[in-house]
Amino acid sequence: MDIKCLCWATDSAAWYENEREVGQAILDFCRTSATPRGDVFYTTKLKLNNGYENVKKAIQRSLDACALGYIDLYLVHGPIGGPEARRESWRAICDFQKEHPGLLRSIGISNFGIRHMKDIIESDRPLPAVHQIDLHPFMARTDIVAFSKQYGMILQAWGPLVRGYRFDHPTLTRLSGKHKKDVAQTLLRYSLEKKHTVNVPISARLKGYVPLPKSASKQRIVSNNEGLVTDWDPTDCA
């Protein structure tokens with residue numbers, strides 16, 4: 001299966017304190033390469049679930065900081081704060097999207113557990129389009145994946161390369177050697193496709209995650225269940 005890149009994707013967040021820098025980098029790239037803004041998919045995230053009006057102000061700050069004119073995907077960064085705080089954040093995001101057409105192209109959630117998603121689903125608001133979460137062969141999250149898909153959410157895997165923690169895993173090195181691929185490429189394939197089965201259409205084999213690999217190596221950028229947590233994991237918070 002050939003996977004072709006249709007656009008450039010960037011991931012940012014208020015928590016990372018990099019929205020202004022990422023936005024400027026995108027504008028510089030578009031200008032110097034003659035790339036249309038529409039060919040760059042920009043994601044950023046809400047830092048705090050701290051009340052309806054505060055969330056609306058946070059959205060506007062993110063728009064002002066990136067200076068890109070609009071945000072392609074805006075996510076609730078995490079479920080921390082309790083049920084009411086989650087519901088208020090989602091209500092604010094949905095209302096902002098409705099009140100300001102075109103400024104938030106898509107909206108979603110990140111790092112939510114099933115009971116956190118239920119708070120959103122039962123709020124009688126639009127459903128999240130995307131759920132961005134740590135997904136890789138050593139953190140399959142089968143229950144969360146199934147629940148997200150049940151409600152039509154696209155899964156984004158923010159830790160598809162396991163931060164390099166398992167690049168020497170014997171199964172990965174064996175598979176990579178067999179197929180003459182880098183271990184990173186093998187891990188990315190996990191996000192895209194289920195176990196290969198002969199005579200099964202490829203549409204039935206697709207896992208359908210959107211992997212978000214990160215690397216400081218130019219070579220790897222170009223070549224792009226143990227319950228292993230590679231960063232934070234708030235999926236079981238209150």
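Residues are numbered from 1 along each chain as its sequence is written, and side-chain values use heavy atoms, with hydrogens and water left out. As the model is predicted, local features need pLDDT of at least 70 and side-chain atom pairs count only at pLDDT 80 or more, whereas totals for chains, interfaces and linings use all residues.

The secondary structure of the protein chain comprises nine helices and seven strands, taken as DSSP runs numbered from the N terminus (H or I over at least four residues for helices, E over at least two for strands). Of the 238 residues in the protein chain, 44% are buried; buried denotes a relative accessible area under 20%, exposed one over 50%, and partly exposed one in between, with a 1.4 Å probe and protein chains only. The accessible surface of the chain comes to about 12,800 Å², of which 54% belongs to carbon and sulfur atoms, as computed by the Shrake-Rupley method with a 1.4 Å probe, only the protein chains shown counting as cover for residues.

In soluble globular proteins, nonpolar side chains tend to be buried together. When residues up to four places away in sequence are not counted, M117 touches I109, F112, H131, I144, F147, S148 and M153, contact being defined by heavy atoms within 4.5 Å.

One of these partners, F147, takes part in the one aromatic pair that the structure holds. F147 and Y151 are tilted, with 5.0 Å centre to centre and 45 degrees between the planes; rings of Phe, Tyr and Trp (its six-membered ring) pair if their centres lie within 6.5 Å, and planes under 30 degrees apart count as stacked, over 60 as edge-to-face and the rest as tilted. F147 counts as buried because its relative accessibility is 11%, whereas Y151, at 29%, is partly exposed.

Helix α1 (residues 19-33) has 15 residues, which at 1.5 Å a residue should span 21 Å, in agreement with the 21 Å between its end C-alpha atoms; the expected span is 1.5 Å times one less than the number of residues. Its buried residues are E19, V22, G23, I26 and C30, and seen down the axis of α1 they fall within an arc of 100 degrees, so they line one face of the helix, the arc being that of the directions from the helix axis to the C-beta atoms. These buried residues pack against β1 (8-11), β2 (40-46) and α2, while R20, E21, R31 and T32 are exposed on the other side of α1. Just after the helix, A34 takes a positive phi of about 60 degrees. In strand β2 lies T43, which is buried at 3% relative accessibility and touches T10, D11, S12, L73, L75 and Q132, residues up to four places away in sequence not being counted.

Helix α3 (residues 83-99) has 17 residues and reaches 24 Å from its first C-alpha to its last, close to the 24 Å expected. Among its buried residues are W90 and I93, and the cover of the buried residues of α3 includes β2, α2, β3 (71-76), β4 (104-110) and α4 (114-121). P83, also in α3, is partly exposed at 38%, and its C-alpha atom is separated by 8.7 Å from that of I120, 37 residues apart along the chain.
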